[in-house]
Amino acid sequence: MKRIVLLHVICLFFIKGYTQSAGASLPALNRVISEAAIYDKAKQHEIDSLQLLVQLSPPDNDLRKRYHLYAALFEAYKVYKFDSAYSYARKMNELAVTLQDKALLMDTRLKLSFTLLSSGMYKETADALAGMDAAQLADSNKANYYALMARFYYDLGDYNKDTVYTPRYAVIAGHYIDSALTFWAKDSYDYMYFSGLKALKAGHNEVAQPYFQSLLERKNLTLHELAVAASTWSVFYTNGNDIDKAIELLVMAAIADIKTSTKETSATFILANLLYKKNDVKNASVCIEQAIAESTFYGARQRKVQVSAILPLIEAEKISIVESQKSILLRYAVTVTLLLLLVIGLGVIIYKQVKRLKSAQRVISAAHEKEQAINRQLAETNDKLSDANKIKEQYIGYFFNINAAFYEKIEKFKKSVDKKISDRKLDDIRQLTNAINLKNEKEELLKQFDHAFLKLFPNFITTFNSLFREEDRIVLEDHELMNTDLRIFALIRMGIHDTDKIAHILQYSVNTINTYKTRVKNKSVVVNEEFEKKIMEIKAV
């Protein structure tokens, strides 16, 4: 059984490793985006096969074998999903500690650092890498260490975008690349890519060009290698104002990323930005939605920040286009009205005609201003309705799920009671009723509420904490999704402002709820009168 599963995993690896997909165009990208779920399903099948191998492996049989199975799962997850990759890296670390294998511990530390860096956790990455001595690493890992350190400083520079520190970080990264290059063959992918990257980051485009062109002409690149090389080299054309060529490379990279289910990527985000600058709002919107889906699925914090910067611009441009179309229609309507007035006024003297025309213009101007006011009110109402509809849809489903579960419990309880009554086992009935744990039922109900609410408002806790100083922010326990403070204001965000209702839902007294609210507001950096308004501004997804 193990051999069959392993053979299947190997086949999947080679199928997904084929190179250069043809048709790197926007229609081809849109088609691949529509098929993304198919590629993700194949990726998940590959992961499931590896997890099955772990399940079939006795836990205490061969710790090194289990370590390598965890390492295979880490590789499958590392550009796919942050939390799973991090989890398996931690498991590898535990086994390495148990085995007291220094080489494995170093290898695990590099993998943990890669995962933290990919998620945008720069402070944590620095802590994980701190104190690592390259001299103690195996030769096979020294190049990986230097390359990771180079990427860390490049990413840190790109994140800061500072005229003082970013150039310093680039210099440091370049030194690490120099160290890594000594361990790679000169015709290898890593040697050529990092040589080109160093030159590109230093602004030596003429030096970088031969490396990337040679890589992109190769026929044996994996899709992931193709995506990384094409995405990086697109910077050359972006800086050189050859946007069309940059878009072509980024489309190629985005297609390769989707086909390999690579979620830790910036190709779709950068592509959306370039398309927006070219006023291709339709395709920019498709790409930014894909970028949001990728960063959310992977858990990349820095990508979410980047996406949030351009998303409002694209959405504003879409609204602008709609408004422009409305303006054209309005001009057509005004023109028709003027022509109609002209026909009616043929039998009227010029004086009356001019007078009527001026009167019509005043009416049209007033109507236009009124229409603009109505449109603004409608837009605000639509936003509120959309938000309310999302909440209703989420919590109607939540309500029916809870009721269905409750009905099933009551049904089982009723059958048990009926049977005990029929058997005249009154003591058993008492035991049945005593077995009902109302505290557990309440905790489960609150847990279900937390799941449903955070699915609708995934950024609620982060946004809520941003209203407080660092020392006053809420830190949840590992088993908690939300606490009482968060639930009170979660209910308020859902539109339940009546303290009596909140107290009834959470089964506290009204005084207790008021005490909680007052304590939370007093700690906030926002004035008390504005606090609930800030809560209501948190958007649902």
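This is a predicted model: local features need pLDDT of at least 70, side-chain atom pairs count only at pLDDT 80 or more; totals for chains, interfaces and linings use all residues.
Colleague: How far apart are the end C-alpha atoms of helix α19, residues 438–456?

Modeller: Helix α19 has 19 residues, and at 1.5 Å a residue these should span 27 Å. The distance between its end C-alpha atoms agrees with that expectation, because it too comes to 27 Å.

Colleague: Are α21 and α22 parallel, perpendicular or oblique to each other?

Modeller: Two packed helices are described by the angle between their axes and by the distance between those axes. For helix α21 (residues 484–493) and helix α22 (residues 499–506), the axes come within 11 Å and cross at roughly 130 degrees. That angle is therefore one that makes α21, relative to α22, oblique.

Colleague: How many nonpolar, polar and charged residues make up the contact of α21 with α22?

Modeller: On the α21 side the contact involves Arg487, Ile488, Leu491 and Ile492, which meet Ile502, Ile505 and Leu506 of α22. By class, the residues of this contact divide into one charged, no polar and six nonpolar.

Colleague: What is the handedness of the crossing of α21 and α22?

Modeller: The axes of these two helices cross at roughly 130 degrees. The crossing of α21 and α22 is right-handed.

Colleague: What percentage of the residues of the protein chain count as buried?

Modeller: The protein chain has 24 helices and zero strands, and among its contacts between residues at least 6 apart in sequence, 64% join residues at least 24 apart. Taking buried to mean under 20% relative accessible area, the share of the 541 residues that count as buried is 39%.

Technical notes: Residues are numbered from 1 along each chain as its sequence is written. Side-chain values use heavy atoms; hydrogens and water are left out. Axes are lines fitted to C-alpha atoms, for helices over the stretch in contact, and angles run from 0 to 180 degrees between N-to-C directions. Helices (H or I, at least four residues) and strands (E, at least two) are DSSP runs, numbered from the N terminus. Angles under 35 degrees count as roughly parallel, over 145 as roughly antiparallel, 65 to 115 as roughly perpendicular and the rest as oblique. A crossing is left-handed if the near helix is turned anticlockwise from the far one by less than a right angle, and right-handed if clockwise. Contact means heavy atoms within 4.5 Å. Ala, Val, Leu, Ile, Met, Phe, Trp, Tyr, Cys and Pro count as nonpolar, Asp, Glu, Lys and Arg as charged, and the others, Gly among them, as polar. The expected span of a helix is 1.5 Å times one less than its number of residues. Buried means under 20% relative accessible area, exposed over 50%, partly exposed in between (1.4 Å probe, protein chains only).
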